[in-house]
Amino acid sequence: MGEGADIPRARLAELVAALSLGVDLGFGQPMEHVLRQCLIALRLADLAGLGEQDRVAVYYTALLVNVGCHADAHEQAKWFGSDIGLRSQKYDHPPRSIGMMAATLRLVGSGNPPLHRFRVGLEFGLSGHRDLDGMIEQHAALARALATELGLPAKVQEAVGSSYEQWDGRGWPGERRGDAVPIASRLAQLSEYVEVAHRVGGVEAAVQLAQQRGGTQFDPRLARTLSQDPAAILGGLDHAQTWDAVIAAEPALGRTLSGPQLDAALLAVANFVDLKSPWRLGHARALAQLAPAAGAGLGLPGGELQALRRAGLVCGLGRLGVSNSIWDKPGPLGAGEWERVRFHPYITERMLNQSQVLAPLGAIAVQHRERLDGSGYPRGLSGSAIPQSARLLGAADAYQAMREPRPYRAAMAAPDAAAQLRAEVRAGRLDADAVEAVLGAAGHRVARRRTGPAGLTQREVEVLRLLARGLSNKQIAEQLVISPKTVANHVEHIYVKIDASSRAMAGLFAMQHGLLPEEQIAAPVTV
């Protein structure tokens with residue numbers, strides 16, 4: 001099946017809506033929180049008499065408003081015990097309030113024994129707070145970057161980038177206030193908080209919130225519109241088929257994606273999801289190259305290779321629903337933590353299965369951690385119950401993970417990874433044909449180019465890779481056998497050249513330009 005056989009054509013709204021389901025879990029909210037806030041925003045937009053182009057901005061801003069907030073989950077978990085626990089308190093207090101500040105500080109060092117928690121608190125007070133400098137501004141900037149990558153209109157990009165501004169000018173980055181904040185940003189923010197208040201406390205709580213914060217956090221006119229006719233805005237939310245309602249409400253100017261456009265959009269989303277952990281930067285991109293290269297070696301037809309490539313891009317989406325206190329843990333996982341890990345392929349499937357186009361990809365991705373002997377997850381499938389596509393994806397994922405560093409081990413050398421993969425075959429867990437196809441494809445790896453994008457030197461590329469992985473200047477210096485001062489100079493030059501100011505932005509640049517992971521797959525060949 002060729003590219004022209006993509007039937008039906010994918011809708012960008014479906015991909016963004018699917019991504020929002022993972023964002024929900026990353027905030028400790030039930031799935032469809034973001035979808036419901038999108039419906040609220042659109043109803044408010046209708047009452048405000050907005051035109052179709054403004055409705056496009058409202059629609060996608062409401063869906064993307066918090067999509068960048070997982071990018072520094074590594075730092076959030078490092079200082080507060082759980083990135084999801086930190087974000088879940090967002091709706092408990094007004095932004096910048098004393099209550100919010102106190103609640104945040106109470107989480108410092110969470111999940112650690114008392115003495116270790118004291119040490120974390122001391123380190124945070126001395127230097128760790130710098131990790132939070134500009135954090136929320138970076139979330140908005142990253143969300144705007146994704147909107148740009150997805151080809152959304154300039155009005156959407158501007159609104160997403162201003163989604164944390166407030167009516168009184170005390171938002172982030174604090175450059176706009178009042179009517180200078182795009183109307184789509186104002187609607188998305190009001191709808192986000194109102195959805196939580198309504199779900200938790202009903203109509204009365206939602207109206208009370210709008211009235212209390214109208215004129216400060218929220219546009220007072222929009223808050224008054226909601227207060228005057230809450231039934232028109234909140235009515236029927238509890239009984240609506242939310243996914244269908246949101247997809248049906250997509251403005252007429254919405255986009256459909258051809259085969260290559262869908263591939264590009266899936267890659268953009270995959271890169272953003274991989275930002276969640278510095279240990280997995282570029283994993284999806286590499287997997288989407290390795291798995292179909294292995295499939296080509298087995299003679300799979302073009303349509304199956306296409307599905308395998310796309311499944312490789314989406315199979316990590318469910319990681320959004322699991323805390324980085326687990327993904328980035330340097331020691332062994334406890335039983336409860338393993339249960340969360342075992343659940344993440346199911347989350348991926350759940351995120352994708354309401355879309356007719358994306359559901360088949362989820363059906364492959366959910367099985368990539370299953371094993372032939374029934375020891376895998378999430379469903380413990382065995383033998384013939386695991387299709388060839390999932391066997392290939394599972395073998396490719398295992399190999400690629402071995403070749404990447406993890407918080408509890410260094411990256412494995414290629415011969416060691418190959419030996420480990422073949423040991424899994426002998427143990428009856430991985431399929432022999434799939435493993436040999438993956439190793440055959442991996443044998444065609446080529447060296448990275450010696451010059452980098454944006455004028456980066458070879459040394460700057462080396463520093464950027466380690467910086468993106470979350471290493472400190474001292475750790476980078478030790479690995480590259482140079483002084484920390486030299487590293488600091490390199491980092492300063494890198495940030496200027498790539499126009500970035502944080503690890504997350506540096507990691508995104510590195511993935512977008514193929515610098516992570518550190519190897520690339522050769523063109524598929526027959527083995």
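Predicted model: local features only at pLDDT ≥ 70, side-chain atom pairs only at ≥ 80, totals over all residues.
**Largest pocket**

The largest pocket holds about 1700 Å³ of space. It is lined by 45 residues, and those closest to its centre are His74, Glu75, Lys78, Asp131 and Gly470. Seen by element, two or more lining residues come from each of α4 (73–80), α7 (114–126), α8 (135–149), α17 (324–327), α24 (473–480), α25 (484–498) and α26 (503–512). Helix α4 gives the largest share of the lining, with 5 residues.

**Aromatic rings and charges**

There are 6 aromatic pairs in the model. One of them joins Tyr91 and Tyr193 edge-to-face, with 5.2 Å from centre to centre and 75° between the planes. This pair links distant parts of the chain, 102 residues apart: Tyr91 is in the loop between α5 (83–88) and α6 (98–106), while Tyr193 belongs to helix α10. Both Tyr91 and Tyr193 are buried. Elsewhere, Trp79, Phe80 and Phe124 make up one aromatic cluster.

Charged side chains also lie over rings. Arg87 is placed over the face of Phe27, 5.6 Å from the ring centre. The charged end of Arg319 is over the ring of Trp327, at 5.9 Å from its centre.

**Ser163**

Ser163 is in the loop between α9 (154–161) and α10 (183–213). This residue counts as buried because its relative accessibility is 1%, under the 20% limit. The Ser163 side chain comes to 2.8 Å from the backbone oxygen of Val160. Leaving aside residues up to four places away in sequence, Ser163 touches Val65, Ser185 and Gln189.

**Backbone exceptions**

Most peptide bonds are trans, and most residues other than glycine have a negative phi.

| Site | Feature | Angle |
|---|---|---|
| Trp172–Pro173 | cis peptide bond | omega about 0° |
| Leu516–Pro517 | cis peptide bond | omega near -10° |
| Arg96 | positive phi | phi near 65° |
| Ala454 | positive phi | phi near 60° |

Pro173 is in the loop between α9 and α10, and Ser163 is in that loop too. Pro517 falls in the segment after α26, and α26 is among the elements that give two or more residues to the lining of the largest pocket.

Arg96 is located in the loop between α5 and α6, which also holds Tyr91. With a relative accessibility of 36%, Arg96 counts as partly exposed. Ala454 lies in the loop between α22 (432–442) and α23 (458–468). Its relative accessible area is 41%, so Ala454 is partly exposed.

Definitions and conventions. Residues numbered from 1 in each chain as written. Heavy atoms only, no water. Helix = DSSP H or I, 4+ residues; strand = E, 2+ residues; numbered from the N terminus. Buried < 20%, exposed > 50% of the residue type's maximum accessible area, 1.4 Å probe, protein only. Polar contact = N/O pair within 3.5 Å; in protein donor to acceptor, adjacent residues only side chain to side chain. Contact = heavy atoms within 4.5 Å. Phe/Tyr/Trp six-rings, centres within 6.5 Å; stacked < 30°, edge-to-face > 60°. Lys NZ or Arg CZ within 6 Å of the ring centre and 35° of its normal. 1 Å grid on protein atoms, 1.4 Å probe; cavity = no way out; pocket = protein on both sides within 12 Å on 5 of 7 lines; lining within 4 Å. Points joined across faces, edges and corners; volume = space filled by probe spheres on them.
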